[in-house]
Amino acid sequence: MLDHCFFRYWEFKGRRFVQGPKEITGAELNLPKELENMDAALIWGLNGRVYFFKGDKYWRYNDKTKSVDWGYPRSIANGWRVPNNLNAALKWKNGKSYFFKGYEYYGYDDYTNSVPAKYPLKISTYWMGCSSDGLVNGKISPLGNSAHSVLPNLLAMILIKAFVKCFFL
């Protein structure tokens, strides 16, 4: 029997821990009930707003007013042009947001508001360097970083997904 379901988040500034864990469905964030068990969340680089994704919809959150912006939720297909029911999302330092679904990922160019035609690509090839196609000068492509810098961020992506799942005590 399920006694408690924990939906938590941790706040970091760069690599520095700020606070957490905090309840993501708690009163502090004032999120709509329908965002329980969300699929993914990210801070979009273009406007600094938090976006939550669930099913075929997304919500834009204003952390100053502690509320979802008026006019949301909206369709993921129309707004972001990435698949529904995402596994994870993250903002990368190269100016792109990345969305993960199954064994593939989509790079979203934050400045042009588009997904380049080459996507989707295989996660294993381009994030884990599992083939020579995923390596450029011995480093993981397209990110230009070694596995030592990529893996902590992949762990963060896994944690993002983990914090929206229920843990049985």
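Modeller: The largest nonpolar core has 37 residues. Such a core is a set of buried Ala, Val, Leu, Ile, Met, Phe, Trp, Tyr and Cys residues joined through side-chain atoms within 4.5 Å. Buried means under 20% relative accessible area, exposed over 50%, and partly exposed in between (1.4 Å probe, protein chains only). Phe-52, Phe-53, Trp-80 and Phe-99 have the most contacts inside this core. Strands β3 (40-43), β4 (50-54), β5 (57-62), β8 (88-91), β9 and β10 (104-109) each give two or more residues to the core. β4 gives the most, with four residues. Strands are DSSP runs (E, at least two residues), numbered from the N terminus.

This is a predicted model: local features need pLDDT of at least 70, side-chain atom pairs count only at pLDDT 80 or more, and totals for chains, interfaces and linings use all residues. Residues are numbered from 1 along each chain as its sequence is written, and side-chain values use heavy atoms, without hydrogens or water.

Now look at Trp-80. Leaving out residues up to four places away in sequence, Trp-80 touches Trp-44, Tyr-51, Phe-53, Tyr-58, Phe-99, Tyr-108 and Val-115. Contact means heavy atoms within 4.5 Å.

Next comes Lys-96, in strand β9 (residues 96-101). Lys-96 is buried yet has no salt bridge, that is, a side-chain nitrogen of Lys or Arg within 4 Å of a carboxyl oxygen of Asp or Glu. The nearest side chain of opposite charge, Asp-109, is 5.6 Å away. Lys and Arg count as positive, Asp and Glu as negative; His and the chain ends are not counted.
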